[in-house]
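Please look over the sequence and the structure shown here before reading the report.

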Amino acid sequence: MATHGVIHRPKPSPQPSPRGRGREGLDRGVRRLWTAVLLSLLAFGAFAKDAPNAAADPALEARMMRIAQELRCLVCQNQTIADSHADLAVDLREEVRVMLRKGESDEQVRKYMTDRYGDFVLYRPPVKATTWLLWFGPGVLLVGGLLGLILLLRKRTRMSDDRFEPDEADGVEEEVRT
Amino acid sequence: MIPEIGQIALLLALAVALIQGTLPILGAARGRSDWMSIARPAAQTHFLLVAIAFVCLASSFVRNDFSVLYVATNSNSALPLQYRIAGVWGGHEGSLLLWLMMLCGWMLAVSQFSRHLPQPMTARILGVMGLIGAGFLLFMLMTSNPFERLFPVPADGNDLNPLLQDPGMVVHPPMLYMGYVGFSVAFSYAVAALLGGNLDATWARWTRPWTTAAWTFLTIGIMLGSMWAYYVLGWGGWWFWDPVENASFMPWLAGTALIHSLAVTEKRGAFKSWTVLLAIIAFSLSLLGTFLVRSGVLSSVHAFATDPRRGLFILAFLAVVIGGSLALYAWRAPKIGLGSRFELVSRETMLLANNVLFVVAMLSVLLGTLYPLLLDALGMGKISVGPPYFDTVFVPLMVPVVFLMGVGPLARWKKAELPDLAKRLKWAVVAAVIAALTTGWLAGRITAGATLGFLMSFWVVAAVATDVWERVQPAGGVRAGWVGRLALMPRAMVGMLIAHLGVAAFAFGVSMVNTYELERDVKMAVGDTTEVSGYTFLFRDLKNVQGPNYEAMQGLMEVTRNGKPVVVLHPEKRVYRVQKNPMTEAAIDPGFTRDLYVSLGEPVDGGAWIVRVYVKPFVDWIWGGCLLMALGGALAASDRRYRVKQKQGSPATVASGAQA
Amino acid sequence: MNMKSLRFIIPLGVFALLVFFLWRGLRLDPHEVPSPLIGKPAPSFALTRLDDANATLRRDDMLGKVWLLNVWASWCGACREEHPLLVEFSKTKAVPIIGLNYKDQRSDGLGWLNRFGNPYDASIFDQNGRVGIDFGVYGVPETFVIDKQGIIRMKHIGPLTPDVIDKRLMPMLRKLNA
């Protein structure tokens with residue numbers, strides 16, 4: 001896939017990040033992080049506080065994640081935007097949060113995504129003429145299969161004995177239960 | 001030098017495989033015993049040569065021979081030894097060699113354990129396997145040579161993908177391939193039977209242990225893959241219906257149908273042509289999976305990076321092998337006999353209903369996996385088909401399967417009575433309903449989905465208990481006590497019961513974790529605590545650690561419950577030095593009744609980290625269930641019945657012969 | 001072969017169909033996402049210019065002209081590939097080219113243009129990538145052709161190549177300008 005650029009861009013400089021360029025960058029990033037931790041330890045040291053929720057509004061966050069679980073991350077190799085760390089996924093999750101805060105419905109959020117990226121972005125394919133085979137196929141196959149089996153078995157019971165082979169199994173092996 | 005030896009070994013193996021694939025089969029057609037007798041020694045030589053090649057590649061990895069392109073792409077001198085060895089199958093070319101190695105392993109086993117088969121049968125079976133081997137060797141030598149050299153020799157290699165540097169990598173592919181490739185034996189038996197025209201109940205008896213063994217390995221392989229995803233990917237999921245996962249699941253579904261269909265064919269000699277078709281389909285799905293994973297046709301995290309040219313070769317190979325066997329089927333199957341009769345209501349019918357359900361399930365997974373490709377190829381746009389589709393379609397199909405799982409073993413062969421079955425199972429139904437509702441109530445809330453899941457699970461347990469109960473009752477003439485009667489149960493039957501209990505455990509684990517899992521995403525600075533489900537998590541420390549080929553931030557999480565220490569967990573955020581992708585190493589405390597799962601997210605300002613804490617009830621029962629299924633399979637495959645030459649009317653067969 | 005034995009050919013027939021589709025599939029790219037915006041109005045935007053944070057460029061400013069929107073970033077490797085070509089193409093003055101600087105830093109973006117040349121009549125600065133999302137951008141580089149009425153007529157994903165410019169772009173521009 002050489003044609004399209006990769007979305008993994010380095011984070012802007014001030015934020016400490018283990019993802020640096022080369023070993024030096026890595027050590028620098030990790031050292032900064034360690035310093036920050038030590039400093040915060042000094043600052044907050046004695047207070048073992050009950051950790052706050054990562055999200056400002058857990059209920060909204062949960063709703064966002066539920067929607068995000070069914071949206072595809074377009075720059076990933078088959079992942080949802082809920083699970084992906086890619087920048088586009090992070091951006092889209094934020095977009096969903098913004099929309100939910102504005103009071104939009106799940107359906108409106110999905111329409112926002114498909115307006116921009118097409119049906120490809122939905123992991124639950126919409127039911128339309130092009131997907132009838134997909135959604136109804138299994139049911140049709142099941143009914144057809146079971147019906148076919150029953151018809152076939154009934155046909156067998158109506159056949160004359162000479163069409164069949166002698167039962168070699170009976171008489172040789174016995175069930176413990178008769 | 002060593003890579004060259006490996007290269008030559010592969011070339012020689014191709015020559016031997018071509019001989020193995022042609023002479024014995026022609027010999028069987030013409031009745032030439034001398035040609036047919038080539039089959040075994042050819043298979044053994046084939047195995048030896050491929051083994052030599054495999055050892056040469058492994059040795060190149062261990063010795064860090066970066067003049068071999070494949071080693072340079074997939075290894076590194078800082079890579080720990082076990083991953084250097086696992087690196088052999090870390091990429092496309094090497095995994096093909098693993099595939100071939102497994103094929104040769106099964107081939108050797110067949111050549112050793114086929115003394116009781118008539119010579120033409122053995123010749124044909126080994127011949128077909130030889131042809132498959134030849135195809136893979138040709139593919140490797142023409143497009144995917146693992147021994148290709150690289151000049152100038154780089155100082156060090158690219159390193160194995162960090163996601164693969166894990167114990168899971170050491171066991172998952174070998175087990176998976178043992179299973180996939182193992183279905184080639186059933187396939188070869190089927191093609192041999194079609195070629196020879198001798199398709200009867202005995203054929204089914206010969207084929208069954210091989211099929212069950214392959215199925216067992218595939219179950220373990222898929223289980224390992226799922227476990228690995230769970231603890232490596234950091235988000236606690238264990239199945240995504242990813243195309244590559246589906247590529248391994250479809251043969252499993254077909255294989256499950258096959259082992260049940262073989263039961264009917266062995267017992268009644270009936271539905272032979274259907275069983276043969278299933279055997280062809282199961283292995284065809286394995287081959288299809290090989291294509292899907294390597295051709296670039298589908299998008300997946302698991303897909304090997306490869307080019308459409310290789311895809312074309314595999315497709316051609318598929319067309320020849322599968323197309324050829326299906327053409328042979330179309331030609332020969334109409335002549336196959338009907339076997340003997342059985343009633344509309346009978347164990348045979350229930351087994352066949354099982355088949356319909358599993359085949360429909362398999363076709364549904366196939367449909368969902370290939371549908372995006374289908375629409376795109378027809379120019380009708382691009383869609384995605386993901387877990388919401390598969391969950392919606394697959395789960396309802398499994399409900400009747402599980403129901404039948406309870407009833408089937410209690411139904412009589414040839415003719416069963418529904419009122420009789422209902423009477424015998426009524427307590428099982430009552431027990432299952434009560435247990436399901438009680439479990440939901442104990443867990444904190446009763447939901448429809450969870451109750452259905454528990455119902456399925458307890459139904460199987462209750463039905464198995466009923467079955468065992470009936471078998472230990474005094475029966476006419478058999479005077480032993482109940483322990484003695486238990487010991488009399490044939491291994492195959494015990495295997496079946498354990499495998500079915502495995503399904504029950506699986507269903508229980510899935511229902512529990514999907515309904516009652518608890519998750520908390522919190523911002524934790526060192527010293528902070530959070531509480532989930534009665535467990536207190538204290539973020540005690542965070543430090544920088546050095547791994548053999550990575551650097552990591554490692555958290556120290558102390559977990560207590562009611563003040564008593566439970567476990568100390570070390571979640572990590574690793575960065576591998578060569579490939580530089582950040583990896584989340586979740587810290588998991590596995591337990592019989594729950595997993596505690598902690599993973600580090602991203603660092604935030606102020607030195608705190610986003611931490612995800614999960615309590616997952618009974619999640620290990622998912623894989624415990626798979627393990628039980630595999631154990632059941634192993635027991636069933638090793639039943640003495642398959643190794644004792646069957647004599648007509650011999651009393652010795654009574655004890656071991658009671659049909660599972 | 002009589003009617004009854006015809007059903008034994010069904011598996012072979014289904015398989016042949018499968019092989020056909022798999023063969024077609026080898027020529028397709030499962031990662032390429034077609035745009036649902038072709039034939040629809042370009043999303044409205046009002047972004048500051050990259051070179052002047054006080055000047056704003058809006059979508060409607062471009063009405064009446066056929067124009068190109070090229071999505072680029074200083075951190076994008078594949079953009080480096082197409083850039084010389086784009087610079088050359090801009091010299092022909094065939095069509096106004098507006099650059100969308102996607103998820104970048106102003107200084108980095110300007111520095112990049114200084115180093116490698118500036119083919120753009122103007123570049124607009126989309127720091128948080130929201131305008132990109134509105135256009136259905138999921139990777140960099142991407143190029144849009146927008147007509148005089150402000151309707152998106154074409155989207156090219158990945159770096160531009162001489163082939164794409166000659167065989168797809170130029171004919172489209174000729175058609176739209178006629």
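Predicted model: local features only at pLDDT ≥ 70, side-chain atom pairs only at ≥ 80, totals over all residues.

## A helix pair in chain B

Helix α15 of chain B, which spans residues 418–443, packs with helix α16 of chain B, residues 448–471, at an angle of about 145 degrees, and their axes are 8 Å apart. The crossing in which α15(B) passes α16(B) is right-handed.

On the side of α15(B), the residues making the contact include B:L425, B:V429, B:V433 and B:L437, while on the side of α16(B) they include B:F454, B:L455, B:F458 and B:W459. Sorted by class, the contact of α15(B) with α16(B) holds 14 nonpolar residues, four polar residues and two charged residues.

## An open sheet in chain C

In chain C, five strands form an open sheet with mixed pairing, and their order is β5-β4-β3-β6-β7. The edges are taken by β5 (122–126) and β7 (152–157) of chain C, each of which has a single partner strand, so one side of each is left without a neighbour in the sheet. On average, and with direction ignored, neighbouring strands of this sheet are turned by 20 degrees against each other.

Within this sheet, strand β3 (residues 67–72) of chain C pairs with strand β6 (residues 142–146) of chain C in the antiparallel sense, over five bridges. C:L69 has C:F144 in β6(C) as its bridge partner.

## A helix across the strands

Helix α6 of chain C, residues 162–177, lies across β3, β6 and β7 of chain C, and α6 runs at about 170 degrees to β7(C).

Key. Residues numbered from 1 in each chain as written. Chains lettered and ligands numbered in written order. Heavy atoms only, no water. Axes fitted to C-alpha atoms, helices over the stretch in contact; angles between N-to-C directions. Helix = DSSP H or I, 4+ residues; strand = E, 2+ residues; numbered from the N terminus. Left-handed = near helix turned anticlockwise from the far one by under 90°. Contact = heavy atoms within 4.5 Å. Nonpolar A, V, L, I, M, F, W, Y, C, P; charged D, E, K, R; others polar. Pairing = 2+ DSSP bridges.
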